[in-house]
Amino acid sequence: MVLGNDASSSSSSMISDEEMVNNNKSLSVLVVDDDPLLRMFHDTYLRHFGLESQVVENGKKAVDLFRLGASFNLILMDKDMPVMNGVEATKALRAIGVTSMIVGLTSRVPPCEIQAFMAAGLDYCFEKPLASDVVDFLLKELNKNNNNGNNV
């Protein structure tokens, strides 16, 4: 399931793995998830795509990183976490002016809960774990924003 504010996608030309990695070297991702296996999986998976990745285990740590001056092009935000959940963390990040792309990651939950998560300030929401087509879509969106001079 894909929910997003601009969920249109276009077909792309084929590029090599090396070109893909080189294109993404300037992009950084924060993975926010309380499950250590999913953090490790997403971290490893994103590095395969050439992305710099950092992981934290709850929303409060993500918000604290930004308050300390960290920045990331993309934030992958789990919905259900202890200390500060994804909805609270997304609202807090948007309230302090974070304009990075925030993508919610959830297990199967009722549509009304996904809508509440989106309303917190997500750009997109996907089921976890990430699949290669989702990562490809997100990278295209990030690169499109970077090429347009937008500050993510």
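Start by selecting V83: at 64% relative accessibility, this residue counts as exposed (exposed is over 50% relative accessible area, buried under 20%, partly exposed in between, with a 1.4 Å probe and protein chains only). You'll find V83 in the loop between β4 and α4; helices here are DSSP runs of H or I with at least four residues, strands are runs of E with at least two, and both are numbered from the N terminus. Check the backbone while you're there: phi of V83 is near 70°, a positive value in a residue other than glycine. Most residues other than glycine have a negative phi.

A word on what's loaded. This is a predicted model, where local features need pLDDT of at least 70 and side-chain atom pairs count only at pLDDT 80 or more, while totals for chains, interfaces and linings use all residues. Residues are numbered from 1 along each chain as its sequence is written, and side-chain values use heavy atoms, with hydrogens and water left out.

**Zoom out**

Color by secondary structure and you get six helices and six strands. Follow the chain from the N terminus and the elements run β-α-β-α-β-α-β-α-β-α-β-α. Of the 152 residues in the chain, 47% are buried.

**Select β4, residues 74-78**

Five of the five residues of β4 are buried, so this strand is largely enclosed by the rest of the structure. Show the side chains: L74, L76 and D78 point one way, and I75 and M77 the other way.

β2 (residues 28-32) pairs with β4 in the parallel sense over four bridges; pairing takes at least two bridges found by DSSP between two strands. β5 (residues 101-106) also runs parallel to β4, joined to β4 by five bridges. For a landmark on that side, pick I75, which stands opposite I102 in β5. From β4 the chain crosses through helix α4 (residues 86-95) to β5, and this β-α-β crossover is right-handed.

**Hop to V29**

V29 is in strand β2, and its bridge partner in β4 is L74. Its relative accessible area is 1%, so V29 is buried. Leaving out residues up to four places away in sequence, V29 touches L46, L51, E52, S53, Q54, F72, L74 and L76 (contact means heavy atoms within 4.5 Å). Draw a C-alpha to C-alpha distance from V29 to L76: they are 7.3 Å apart in space and 47 residues apart in sequence.

**Select D78**

Back in β4, go to D78. The unreviewed UniProt entry places "modified residue: 4-aspartylphosphate" here; UniProt positions follow the numbering used here, feature names are shortened, and annotations may be inferred rather than shown by experiment. Buried or exposed? D78 counts as buried, because its relative accessibility is 3%. Apart from neighbors within four places in sequence, D78 is in contact with V32, D33, D34, G86, L105, F117 and K128.

From D78, follow its contact to K128. A cis peptide bond joins K128 and P129, with omega about 5°. Most peptide bonds are trans. P129 sits in the loop between β6 (124-127) and α6 (132-147).

Conventions. Right-handed = clockwise from strand over helix to strand, strands pointing away.
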